[in-house]
Amino acid sequence: MNNPVVIVGAGLSGLRAASLLAKQGIDCKVLEARDRIGGRVLSTSDPIRPDLGKFDLGPTWYWPQYESTITNLVKELKIGTFAQYTKGAMLSERSHNIPPERYVLPENSSERSVRIIGGVESLINAVEDTIPTGVVELETRVTAIQLDEDGVIKVEAACAEGKRKEVPARAVILAVPPRIVARHINFSPSLSQDIVTDLISKPTWMAGQAKAIAVYERPFWRESELSGFATSWVGPLQEIHDASPETGSGALFGFFGMSAKTRREMGEDKVLNLVIDQLVRLFGPSAQNVKAILYKDWSRDLETAVEEDLDPLKDFPVYGQPPKSEVWEKKIVFAGTEAHSKYGGHLEGALLAAEQAVFEINHL
């Protein structure tokens, strides 16, 4: 059969699967609903001050000491990296009325993480460069996957300007979040209830979260021997890290403690005002001199989050492959970071899931 392998989703996992298939001479097509590649990888700069650098509003780092797949790929693609800045004391904020406490952590108390020069988008672009031109189609939202009586797969998609298209497929790799598959793609014949229940039970990594990044002319907190790492019981940010580029400007980013519903009710402007107020409480008056502030609420991204993702996570999700389907076995394969049981939620998981999907395609 000469039909291509259709990959749904042009995030890291989908692009890596396409790269591996192309390297093996296997025809494939990547269909992406967004108008950009990368999925939850989003590296951006302030349009008014692009000179300040690019910053990650999605995944930010990886751990080379135990994530060998991404480490080897970064080396293979000759992508520059630098160590996450951790030198100096951390801050802990327990109350509005009590100044933050300062702690000097023991040396080597935290695992060494590594960041990518230019943001994780540099990895996305490098992987895309290994894929033949024309394989990736943007603004192409897969809405249905049909399997006819002769075993032929047809992938239906909505395109820009209201157009629709149908793509015949040898097999389909689903490299999008499980809940997006369950809620946004119609299958004929239907997926079994066991599979649907499993897909819905897997929270989309980061889907209920938001990231805020405050950018400064320089990382001024380092002059006070602070690492930029802080935790807070007060909020709105629960955990804060140094997000500065290797050289030049300074930046602090944080994950929110407040729920997606609360952020929506407050509105972006009020949320970001609270963020700046908190950074001033923690790092002093210099934190008021923000040159740019970047914000991404993933819960409002329709290609990432569904209604179930608005509920805050209480525990780390259980990820991995869904149950097998008698009807769809050897026809659909799952990728994406949530498809990997050990490294789910990490860039490493996205890459390993892509490798596993391609292995399965080769043994159909």
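**View 1. Pro189 lies in the loop that runs between strand 15 and helix 5 (193-201).** Helices (H or I, at least four residues) and strands (E, at least two) are DSSP runs, numbered from the N terminus. The peptide bond that joins Ser188 and Pro189 is cis, with omega at about 0 degrees. A cis peptide bond also joins Gly235 and Pro236, where omega is about 10 degrees. Pro236 is in the loop between strand 17 (226-232) and strand 18 (237-242). The model is a predicted one: local features need pLDDT of at least 70, side-chain atom pairs count only at pLDDT 80 or more, and totals for chains, interfaces and linings use all residues. Residues are numbered from 1 along each chain as its sequence is written, and side-chain values use heavy atoms, with hydrogens and water left out.

**View 2. Lys78 and Lys330 have a positive phi.** Most residues other than glycine have a negative phi, and most peptide bonds are trans. Lys78 is not a glycine, yet its phi is about 55 degrees. The loop that holds Lys78 runs between helix 2 (68-76) and strand 6 (81-83). Lys78 counts as exposed, at 75% relative accessibility. Here buried means under 20% relative accessible area, exposed means over 50%, and partly exposed is in between (1.4 Å probe, protein chains only). For Lys330, phi is near 70 degrees, and the residue is found in the loop between strand 20 and strand 21.

**View 3. An open sheet is formed by 5 strands in the order 10-2-1-14-21.** The pairing in this sheet is parallel; two strands pair if DSSP finds at least two bridges between them. Strand 10 (136-137) and strand 21 (332-334) are the edge strands, each pairing on one side only. Strand 14 (residues 171-174) is joined to strand 21 by 3 bridges in the parallel sense. Leu174 has Phe334 as its bridge partner in strand 21. In a regular strand the side chains alternate between the two faces of the sheet.

View 4. Contact means heavy atoms within 4.5 Å. Helix 1 (residues 12-23) has 12 residues and spans 16 Å from its first C-alpha to its last, close to the expected 16 Å. The expected span is 1.5 Å times one less than the number of residues. Gly25, which follows helix 1, has a positive phi near 80 degrees.

**View 5. Glu338 lies in the loop between strand 21 and helix 8.** Is Glu338 buried or exposed? Glu338 counts as buried, at 1% relative accessibility. Leaving aside neighbours within four places in sequence, Glu338 is in contact with several residues, among them Arg40, Lys202, Trp205 and Tyr319.

**View 6. Strand 11 (residues 140-147) pairs with strand 12 and strand 15.** Strand 11 is mostly covered, with 6 of its 8 residues buried. Strand 11 and strand 12 (residues 153-159) run antiparallel and are joined by 7 bridges. One of the residues in these bridges is Arg141, whose partner in strand 12 is Ala158. The two strands form a hairpin with 5 residues between them, and Gly151 in the turn has a positive phi of about 85 degrees. Strand 15 (residues 186-188) runs parallel to strand 11, with 3 bridges. Asn186 in strand 15 is the bridge partner of Ala144.

**View 7. The structure holds 12 aromatic pairs.** Tyr216 and Trp221 form one that is edge-to-face, at 6.1 Å centre to centre and 75 degrees between the planes. Rings of Phe, Tyr and Trp (its six-membered ring) pair if their centres lie within 6.5 Å; planes under 30 degrees apart count as stacked, over 60 as edge-to-face and the rest as tilted. Tyr216 is buried at 2% relative accessible area, and Trp221 is buried at 1%. Phe256 and Tyr295 also form an edge-to-face pair, with 5.9 Å between centres and 80 degrees between planes. Phe256 lies in strand 19 (residues 250-256) and Tyr295 in strand 20 (residues 292-297), so the pair ties together parts that are 39 residues apart in sequence.
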